[in-house]
Each structure stands twice: as C-alpha cells, then as structure tokens.
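Open the model in your viewer and keep the selection tool ready. The tour goes stop by stop.

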Amino acid sequence: GGPAGSVRTLPPPPCPGSPSVAGRAYGALAMGRWRLLWQPWRCRKPPALRATALHSRNASTYPLPQQPLPALAQTMARYLRSLEPLVSPEELEQSKQLVVEFEAPGGEGERLQARLQRRVARMENWITDWWVQSAYLESRLPLAVHSSPAVVLPKQDFNDWKGQLRFAAKLIAGMLDFKAKIDRQTLLVEYSRGYPLCMDQYSRIFASCRLPGPKHDSVLLPPPGRRPPTYITVVRNFQFFQLEVYNSDGTPLTVDQLHSQLQRIRGQSWKTDKEPLGVLTSDHRHTWGQAYTTLMRDKLNRESARAIQRSLFTVCLDAPVLKVSDARAGSRLAAQMLHGGGSYSNSGNRWFDKTLQFIVGEDGSCGVLYEQAVAEGPPIATIIDHVLDYCKDPDPVRAPLIPLPLPQKLYFRFTPEIKRDIEHAKRNLDILITDLDITCFTYCKFGKEFLKRLGLSPDSFLQVALQLAYYRAHGELCATAESASLRRFHRGRTETIRSTTSAALAFVQAMADEDRQASEKLSLLREAVKVHSTLTEQALDGQGIDRHLLGLKLEAIADGFRVPELFMDTSYAVASYWKLSTGQVAARTDCVMCYGPLVPDGYAVCYNPLPAHVNFSVTAFNCCEETNAEHLAANLQRALDDMGALLGNCKDGGS
C-alpha cells in the first residue's frame with residue numbers, strides 16, 4: 001500500500017481482438033470493463049485507438065487511459081485544505097480571497113483551464129513533458145546528491161577483486177536477460193491496486209543519457225527503428241571501457257565470457273595518475289555545460305563521450321574504501337552509492353548523466369545510481385529485483401569457444417583548460433559531500449505485515465510517523481512532499497501527495513498532550529492515516545493538485561500572460577517549500593534508496609517497507625544548523641515505537 005503502489009506482475013489474459021474494446025476503454029474505469037483491456041506487453045499491434053485519446057507517436061503497445069485534467073473547482077478546494085495546517089488564519093483568509101478571484105466566472109482560472117483542456121486533446125500526456133522539463137532538465141543544481149537517487153543493495157558475500165568481477169559479470173548477464181524481455185516484448189504488464197501500469201519507461205532506460213546545456217539539459221534517447229547499441233560502459237580507476245556484450249550471432253555473452261572480459265579490463269586499468277574525468281558530470285549543470293562544450297571540441301573526446309552516452313548502461317568497479325564502525329557502515333555505504341565518496345575516492349568512477357549505473361565495490365558493496373529525467377524509482381526497483389534474482393541463479397549457458405575482441409579503452413585528450421575544469425569540479429563536489437549529512441537505519445519492531453493486519457496502509461502510517469518525528473524535532477509541521485506514481489495513465493510520471501494535513505496536525509498535537517487518553521490518540525492516528533490514504537488514492541487516480549497547479553502556472557507563462565496572483569501568494573510559497581521530501585520505493589530486495597534534500601534547510605527521507613522491518617535513509621545538509629539527520633532519525637524511531645504502542649504492538653525487537 002504505497003504511493004507507487006506495491007507493484008505485482010501477473011500474466012494478463014490474451015489480447016481482445018475487437019478494436020472497439022480499446023475505443024470504449026477510455027471512459028471505462030469500472031474494474032469489470034477494465035478486464036477487457038488487460039493484454040500482454042508483448043502485443044505487437046495495439047488495437048486501433050481513437051486519435052483524440054492517444055497519438056501513435058511513441059505510443060506504448062498497451063492501451064491505457066489518458067491522464068485526466070482535474071476540475072478547477074476541485075483543485076482549488078483541495079489546495080486551500082492543504083494550506084490549513086501550515087499557515088496562519090489571516091494568511092489562509094487572504095489565500096481564499098485569491099482563489100475566489102482566480103476561479104471567478106470568465107476569470108484567469110477559467111481561461112487557463114480551457115487552454116489546458118485544448119492541450120489534453122492534442123497531446124499524449126498533457127503534463128509529462130512540462131514536468132520533466134521544469135523538475136529536471138531546467139534545474140541547474142548538480143545531479144549528484146541534489147537529483148539522482150541511489151539505491152543501496154544488500155552487501156554481497158565477497159571481499160576481494162575476484163568476487164567483485166564474478167558478481168559484476170552475473171549482474172551484467174541479469175541486465176541483458178531483462179533487456180531481452182523488453183526487446184522481445186515479453187515483459188509482463190505490471191499491476192498496482194488492480195490497475196495495469198504504463199510500461200513506457202522501460203524501453204527508455206537503456207542506451208539513454210542526459211546531456212548538459214547552458215540554459216537547460218536535454219535527453220539522448222536511442223533513435224526508434226535503428227539497431228540499438230550492443231555494448232556497455234565499464235569504469236575502473238577513473239578509466240572508461242566500451243565492452244561489447246553480445247556475440248556476433250546476437251546472443252548475449254555468458255557469465256563466463258563477461259567475467260573473462262572484466263578481467264581483461266582490470267589488466268588494462270591499473271591505477272596511474274589518471275584524471276577523474278567523471279567528476280565533471282557532478283558539477284553545477286551550467287558549469288558542466290561549459291566544460292562539456294570545451295571537452296567536445298576535440299574529435300577523440302567527442303567519440304569517447306558519445307560512446308559512454310550511447311552505451312546500454314554503466315558498471316562502476318569501485319576501488320576499496322576506508323572501513324568505518326559497524327554503526328556507521330550503512331550510512332557510509334549510502335554515501336558511496338550517492339556520490340562516490342569524493343574526488344580522492346570513487347567519484348571519478350561515475351558518469352552522473354548516465355540513466356543507469358551499477359556500482360560494485362571490492363568489499364561486497366553494491367548499489368544503483370539512476371538519473372530521473374528518464375525513469376522513476378518503481379521501474380528501477382523492478383529491474384533490481386530481477387537482476388538480483390538472476391544473480392542468485394544465473395543461466396548455466398556454456399560459453400562458445402570464440403575468441404572475444406579486447407574491450408576498447410576510451411581515451412580523452414586533456415588540455416590545461418579541461419584539467420582546470422576537473423580541479424574546479426573536484427573542489428565543488430568535495431564541498432557538497434562534506435555538507436551532506438546522511439543516516440540509514442532499519443526499524444525492526446514491525447513491518448508492513450503488522451500494519452496491514454490492522455487494516456492500516458503501511459505507507460500512510462509511515463507518513464504520519466514522519467509528521468510526528470518532524471513535529472517533535474522542530475515544534476511545528478512543514479510542507480511535506482511524497483511522490484506518487486501516475487503510471488495508471490499513458491506516459492504518466494509522478495504526482496505529489498501533500499502529507500501535511502489538518503488530521504496529522506491534530507494527531508501530533510494530541511501526542512504532545514499528556515492529558516489526552518490513549519484511546520483518543522489512537523482514534524486521531526487512525527483518522528490521520530485514513531486522510532493520507534484518501535490523498536494517495538486521489539493522486540494515483542490523477543486527481544492530485546500539484547501537477548494541475550504547475551500546468552495552470554506554465555500555461556500562463558507559455559502564453560505570455562502575467563503569472564496569476566494566486567501563485568505569488570506567500571501561502572503558496574510556504575506550502576510548496578518542501579522541507580520534508582519523502583519517497584517510498586517498495587522493492588522485494590532488502591534495499592533502501594537515498595537522495596539529498598530539496599531545500600537547504602530540509603530533509604529527504606526514503607523508506608522501503610518490508611514484511612517484518614522497514615529500511616530508512618535520512619539526509620540533511622550540515623550547513624543548516626537547525627537540521628540534523630541523526631536527530632530526525634532518532635525521533636522517527638521513537639515516533640514508530642509510540643505509534644506501535646498505541647496499536648498495542650508488544651513484539652520485542654531492536655531498531
């Protein structure tokens with residue numbers, strides 16, 4: 001029960017033959033009629049669709065409804081409700097007045113809503129392109145820490161370079177096995193809460209890369225219809241290699257073949273005084289954009305950079321890192337996956353623009369770093385689950401006795417100007433890394449099964465616990481964003497759940513009042529969880545408020561109108577200054593995701609609820625004296641203890 005929903009994969013019933021079935025489907029949200037639509041991702045020819053419902057350009061083979069445009073009055077009412085726990089009565093009154101003016105008949109709101117309706121009619125998805133542009137491509141902050149999430153995977157049972165290469169070979173084979181499902185169109189459609197999900201993101205994850213630009217970035221995607229690349233990039237000791245992963249007959253290399261190729265790469269990449277070129281990609285986007293222009297003037301650099309950008313994915317073979325105490329091991333591991341540990345450590349072993357990077361250390365550490373312009377967390381979690389399952393039981397294919405070509409080393413020419421850019425990027429990244437405060441922990445007293453048995457949504461329960469933890473740490477609530485998946489809709493990305501509610505405020509205030517009875521606190525807890533669950537369902541159903549508000553604002557800007565007063569209001573700014581940025585990525589694997597806060601005086605909290613425990617990561621910035629990741633983590637554990645006690649949970653266990 002999370003915002004992205006706990007994703008299941010089921011073999012759907014066979015394709016309905018009648019084109020009219022798909023045509024009728026857009027109005028049919030009742031489950032009975034939806035069942036007519038379930039068909040495999042492998043269907044090569046989608047049924048004919050109404051042109052207004054879905055354009056053929058980049059259409060996925062699975063007919064899903066278009067993302068709806070919520071009614072203006074509904075969004076305005078929900079927006080005002082979201083302000084209640086965060087602003088003063090006077091500020092709320094002023095916001096109400098602005099809303100009345102905005103949605104007045106014949107006013108700005110009506111005009112912008114009508115323009116958005118026209119956009120809905122002509123586009124596959126009315127908000128996705130705008131969202132990717134404004135949330136990712138126009139952001140100038142570094143991808144490292146600020147944007148790209150890392151997933152910390154369970155430590156593997158090897159402790160030297162031999163185990164590292166063996167595991168990396170299995171991991172690559174597992175990725176190629178997953179890619180084969182996409183290529184053959186046999187990847188089963190995923191379902192969440194009974195709804196089929198858009199599978200569009202999977203085909204874009206491979207062979208894609210973000211490209212820096214002076215004002216905004218762009219995304220390099222493999223051109224449709226053309227033969228996709230057949231190689232990956234492997235990085236070791238700051239040196240990049242192009243590794244062909246298919247035999248000449250088109251079959252993927254076996255685990256043994258991959259292992260021997262990785263050994264050859266190791267033999268070609270001894271540590272010399274190599275420049276950590278990859279660090280450039282961690283810099284401020286404008287700075288990296290300028291350095292990129294300089295780098296790409298040289299033909300050799302251009303060819304090497306293009307090879308990295310067009311590769312299927314990247315594998316980073318990290319050098320050993322300094323050992324830390326067991327208590328800090330999880331947090332240090334998260335830091336290594338998130339940014340590489342610094343210019344003197346493994347940060348030069350990354351190309352932060354690459355959509356998908358697998359990181360494997362010599363000490364059994366492993367993780368994934370991904371770039372969000374192309375994909376969200378849930379598809380990445382599905383890939384991770386598949387790959388780790390594969391690693392436990394790889395295909396025992398015998399390696400053909402064919403000599404393999406030597407992996408190709410990618411060379412770069414370093415001018416004094418590029419060397420200066422690298423020094424500058426190293427300095428900036430090391431400052432950012434020093435500033436990042438990160439704490440990971442596992443809460444062991446209960447997991448999602450216990451909460452489900454009590455009829456509570458695990459995700460909503462954990463969000464309310466976060467409200468209580470923040471309130472205890474800071475004496476007030478703050479604007480909280482939780483990411484919800486919109487994959488029920490064609491090309492859907494995410495919506496924001498505003499987790500700070502009046503019901504949550506009533507609950508946290510009751511918890512601070514010793515005179516209130518436990519039964520009253522329990523009833524307020526259940527109400528807060530229920531309200532959050534309702535918001536989650538609204539968001540998943542395309543009826544959230546944040547993407548609609550963004551659309552209205554961008555429509556005004558695109559048309560050269562002045563930005564409406566509603567968006568210049570103090571309350572609007574306060575309620576969307578996300579001091580608490582949160583996300584659930586529910587993977588079967590015992591892993592946790594982490595990324596940096598969205599604002600300098602904020603936190604980011606990620607969690608993965610498993611049956612009997614919950615993995616958490618908490619980040620903050622050291623430059624802000626008010627925030628402290630360890631302090632919030634301690635409050636979060638205490639909040640969960642206290643809420644568990646209210647529910648009568650007596651199970652013992654450490655945390």
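Buried means under 20% relative accessible area, exposed over 50%, and partly exposed in between, with a 1.4 Å probe and protein chains only. This is a predicted model, where local features need pLDDT of at least 70, side-chain atom pairs count only at pLDDT 80 or more, and totals for chains, interfaces and linings use all residues. Residues are numbered from 1 along each chain as its sequence is written, and side-chain values use heavy atoms, with hydrogens and water left out.

Select R491. It lies in the loop between β14 (480-485) and β15 (494-498). Strands (E, at least two residues) and helices (H or I, at least four) are DSSP runs, numbered from the N terminus. R491 is buried, at 12% relative accessible area. Its phi is positive, about 60°, although R491 is not a glycine. Most residues other than glycine have a negative phi.

Next, F238. Look in the loop between β7 (231-236) and β8 (239-244). F238 is buried at 10% relative accessibility. Its phi is positive too, near 70°.

Move to S304 in helix α11 (residues 299-310). S304 is buried, with a relative accessible area of 4%. Leaving aside neighbours within four places in sequence, S304 is in contact (heavy atoms within 4.5 Å) with L410, Y411 and F412.

Finish on strand β18 (residues 603-609). In β18, 7 of 7 residues are buried. Y603, V605, Y607 and P609 point one way; A604, C606 and N608 point the other.

Which strands flank this stop? Two strands pair if DSSP finds at least two bridges between them. Strand β16 (residues 580-584) runs parallel to β18, joined by 5 bridges. G583 stands opposite C606. Strand β19 (residues 614-621) runs antiparallel to β18, with 6 bridges. There, N615 is the bridge partner of N608. β18 and β19 form a hairpin with 4 residues between them.
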